[in-house]
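Hi everyone, thanks for having me. Please open the structure on your screens, and we'll walk through a few places in it together.

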Amino acid sequence: MDSFMMNYISGFGINSVICGANEDFYFLDNRCLIRSFHASPTLLSRRKEDASLGLKISERGKVLNKGKFSKRKKEAKPPVETPYLPPKLKRGAKSSSDKTIEIFEGMTIVELAKRCGESIATVQHIIVNVGEKIDSEFDPLSIDIAELVAMEIGVNVCRLHSDDGAHVLGRSPVVTVMGHVDHGKTSLLDALRQTSLAAKEAGGITQHLGAFVVGMQSGASITFLDTPGHAAFSAMRARGAAVTDIVVLVVAADDGVMPQTLEAMSHAKAGNVPIVVAINKCDKPDANPERVKVQLAAEGLLLEEMGGDVQVVEVSAINEVGLDKLEDALLLQAELMDLKARVDGPAQAYVVEARLDKGRGPLATAIVKAGTLVCGQHVVVGAEWGRIRSIRDMARKVIAEARPAMPIEIEGLKGLPMAGDDIVVVESEERARMLSEGRKKKFEKDRLTKLEEERPKASEEEEEEDETKPERVEVPLIVKADVQGTVQAVTDAVKNLNSSQVFLKVIHAGVGPVSQSDIDMAQACGACIVGFNVRDPPSSIALAATQAKVKIKLHRVIYHLLEDIGNFIVEKAPGTLETQVAGEAQVLNIFELKGRSKSKGDDVKIAGCRVIDGRVTKSSTLRLLRSGEVVFEGSCASLKREKQDVEAVGKGNDCGLVIKDCFDFQVGDVIQCLVQVNRKPKFVSSESGAVRIEC
């Protein structure tokens, strides 16, 4: 059979196919011979059925499309604009909000990513999202885009400005006058510029930081900053030292070195700013300049007379003595420093003060450090932005531009900046708005992060506290002041008055007079409004405050403000209960009543005493002392004088008393009368201007 089949198969060509089953075979001509060595006739017939149904068959016989698992053709869809979601950045154990990097114009993406501690892909993704086109990771970036990327990542930035290729000229020095309160700083400047500013200040005390230019007799000009000397204005002195070239340390010859003198020295040393000492009030009979020099040397200030490099000038602001020597010392120090600044290119400036004007809106007093600030430019000041509408000098004259070392006042900001903010010039309104929004988000994020970090510490402290801690009352306050820097100073000073019994919570702080919204907020949360150096509210506001039972405390002198708030704290404090000895009595004789009936009670012992100090009252607790040690303590069951029941017995009188459940009296014992006294905290003000609450 096998040989028979092979002979027949060999007689057919490629166009013939053998079909059949078992031993019956038939041949089909004109068919392609498929060589499927692992296939059976049943499988071949199944393939034939699949092909007739329209299913696609692969070369190996597999069906390519199987119902719902078949691949569908992708239809082209229009792109959908989705909101930007910042990439999830990996964070280490240390928070990046504490990290500060230096950025500059033209830095590459690679360098920015390395300084931020992020991948190049993450930085590129953020840059594309802010609308910038990038071709390579080595593309230079503008300093504004670099700051936006850094804020998105969560790090702080420090802008570096290069003077390469710029037009650099000499500039006037910026001099900050610092010292203790009432040592004659403003009077000294008054003598230098021949004006009467000190008389205009409330109480003769500088209330906020002022900036002005003084033309010297030699023809040169010096920009002066007058800082407050009161303890509450430490932040203002620090800002003055941050933007200055030279610090004039004013010390009164009759008063010597005081706390704010030492603080001013520390601010100057921290900013690496040279110091020129002006010993003022040398015309007074009790003036002792030599003692002041010894005190300064003892505090580490190396004076020229003692082999150091710190110049010392003895002056008298009232008699205008020694002013020419002070001018020469300042100009000599400025010449040694060789002060120069670029005059072309975008300006680099800092805010000294900021206030809110009713007709002109937010105003910022600033000092230009480098470049030229031109009217009409778009600027970002801290977290606020705007277009400069006008620039005024300190004489209130409108100018077109401001050059280095010029104190100016700019108008046109959308909001009120913080004192100490830097002024950044940007190319467009869109860039200014974007940078402002980025900074606001960064500030808010840092604030929330700080609260999250403080929350676990507060909970740990609460767990460690004893249950016997006295009650603490929370007093809400609303602070209003004339300028932004004063608002910060007053807020910090108020917070320093917190005690173990009263917690002052500043729920709102702003610039400007007391308004109706302030009254509504105070009424809603039961707050007291504190206004410093602001005008009196109109009659309608005052009437609304009276009807709402809201207290308004207005002051123009910082001493009076802190004293008023201190007394307010004492009034609100719940106080602490203390046990005090109201009187003492000495036991002279002992009487015992025995055999009393059941209706009259058990046997009792009566102590015959004489009051030797204070008063003994029946409602008080009595303490029995023997040889200075406590024997018994209990309530008074009976107090009689001359067989009459009394409530109290005064000093020098005899009495008989019974202490409940006490039967161990001896002649010579001392009985103390104890009373509970609610002790209030005490407001303390020192000569240096520092205030505190003693509990």
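**A sheet, a helix and some loops**

Let's start with strand β22 (residues 473-481), which runs parallel to β23 and is joined to it by nine bridges. Before going on, a word on where this comes from: the model is predicted, so local features need pLDDT of at least 70 and side-chain atom pairs count only at pLDDT 80 or more, while totals for chains, interfaces and linings use all residues. Residues are numbered from 1 along each chain as its sequence is written, and side-chain values use heavy atoms, leaving out hydrogens and water.

Strands (E, at least two residues) and helices (H or I, at least four) are DSSP runs, numbered from the N terminus. Two strands pair if DSSP finds at least two bridges between them.

Back to our strands: the bridge partner of E474 in β23 is F503. What is the order of the strands in this open sheet? The four strands run β23-β22-β24-β25, with parallel pairing. β23 (502-511) and β25 are at the edges with a single partner strand each, so one side of each has no neighbour in the sheet. On average, neighbouring strands here are turned by 25° against each other, direction ignored.

Helix α12 (residues 484-495) packs on this sheet and touches β22, β23 and β24 (528-532). Contact means heavy atoms within 4.5 Å. The direction of α12 makes about 175° with that of β23; such angles run from 0 to 180 degrees between N-to-C directions, with axes fitted to C-alpha atoms, for helices over the stretch in contact.

In helix α6 (residues 185-193), seven of the nine residues are buried, so the helix is largely enclosed by the rest of the structure. Among them are K185, D190 and L192.

G412 sits in strand β20 (residues 407-413) and is buried too, at 9% relative accessibility. Its C-alpha atom is 7.1 Å from that of P362, 50 residues away along the chain.

Finally, the loops. Most residues other than glycine have a negative phi. K549, however, has a positive phi near 60°. K549 lies in the loop between α14 (539-547) and β25 (552-555), and is exposed at 77%. S627 also has a positive phi, about 60°, in the loop between β29 (621-626) and β30 (629-641). S627 is exposed, at 78%.

Technical notes:
Buried means under 20% relative accessible area, exposed over 50%, partly exposed in between (1.4 Å probe, protein chains only).
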